[in-house]
Amino acid sequence: MRLPLLTLTAIATLFVAADAGAQTYDPKYPVCMHVYTGGGGGFGGGGGSYFDCSFTSLEQCRATASGRAASCDVNPYYAFDEPSPSPRKRHKKVH
């Protein structure tokens, strides 16, 4: 009885502790700045990063990222202006 209870507790703990990954890119803007945050240095210093997707061009993003620990990337979730497919014409078969 103990082993199944411990197994269930361990599985439940893993699900609770699992990181819920939210979408990091805002699909409204074509360019995102990836900002790297420091962890204070030292052994096991941590650190992290976040995305700021509020830029309309790479130049605008690079100007903002200048002098910071950051890089600019094209937003993979931005819906670029793609030409819409032409409507299909329906032909009636005449017998």
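**Exercise 1. Determine which residue is joined to Cys32 by a disulfide, and describe the link.**

Solution. 
Step 1. A disulfide, taken here as a pair of cysteine sulfur atoms within 2.5 Å, joins Cys32 to Cys53, with an S to S distance of 1.9 Å.
Step 2. The pair links distant parts of the chain, 21 residues apart: Cys32 belongs to strand β1 and Cys53 to strand β2, residues 48-55. Helices (H or I, at least four residues) and strands (E, at least two) are DSSP runs, numbered from the N terminus.
Step 3. The torsion about the S-S bond of Cys32 and Cys53 is about 110°, so this disulfide is right-handed.
Step 4. Cys32 and Cys53 are buried, where buried means under 20% relative accessible area, exposed over 50%, and partly exposed in between (1.4 Å probe, protein chains only).

The model is a predicted one, in which local features need pLDDT of at least 70 and side-chain atom pairs count only at pLDDT 80 or more, while totals for chains, interfaces and linings use all residues. Residues are numbered from 1 along each chain as its sequence is written, and side-chain values use heavy atoms, with hydrogens and water left out.

**Exercise 2. State how many disulfides the whole structure holds, and characterise the link between Cys61 and Cys72.**

Solution. 
Step 1. A search of the whole structure gives two disulfides.
Step 2. One of them joins Cys61 to Cys72, with an S to S distance of 2.1 Å.
Step 3. Cys61 lies in helix α2 and Cys72 in strand β3 (residues 70-74), so the link ties together parts that are 11 residues apart in sequence.
Step 4. The value about the S-S bond of Cys61 and Cys72 is -90°, and the link is left-handed.
Step 5. Cys61 and Cys72 are both buried.
Step 6. With bonded cysteines counted along the chain, the disulfides follow the pattern 1-2, 3-4.

**Exercise 3. Describe how the strands are arranged in the sheet.**

Solution. 
Step 1. The protein chain has two helices and three strands, and from the N terminus on its elements run α-β-β-α-β.
Step 2. The three strands form an open sheet in the order β2-β1-β3, with antiparallel pairing. Two strands pair if DSSP finds at least two bridges between them.
Step 3. Strands β2 and β3 stand at the edges, each with a single partner strand, so one side of each has no neighbour in the sheet.
Step 4. Six bridges join β1 to β2; in β2, the bridge partner of Val31 is Phe55, and that of Tyr36 is Ser49.
Step 5. Five bridges join β1 to β3 in the antiparallel sense, and Met33 stands opposite Cys72 in β3.

**Exercise 4. List the residues of the largest nonpolar core, and find where they come from.**

Solution. 
Step 1. A nonpolar core is a set of buried Ala, Val, Leu, Ile, Met, Phe, Trp, Tyr and Cys residues joined through side-chain atoms within 4.5 Å.
Step 2. The largest such core has seven residues: Val31, Met33, Val35, Phe55, Cys61, Ala65 and Cys72.
Step 3. Both β1 (31-37) and α2 (58-65) supply at least two residues of this core, and the largest share, three residues, comes from β1.
Step 4. Strand β1 is mostly covered, with five of its seven residues buried.
Step 5. Apart from neighbours within four places in sequence, Cys72 is in contact (heavy atoms within 4.5 Å) with Val31, Cys32, Met33, Leu58, Cys61, Arg62 and Ala65.

**Exercise 5. Identify where confidence in the model is lowest and where it is highest.**

Solution. 
Step 1. pLDDT is the predictor's confidence in each residue, from 0 to 100; its mean over the protein chain is 76, and 54% of the residues reach 70 or more.
Step 2. Confidence is lowest in helix α1 (residues 2-17), at a mean of 57, and highest in α2, at 97.
Step 3. Over residues 16-20, pLDDT stays under 50, and the model has zero contacts beyond four places in sequence for these residues.
Step 4. Where pLDDT is low, the predicted coordinates should not be read in detail.
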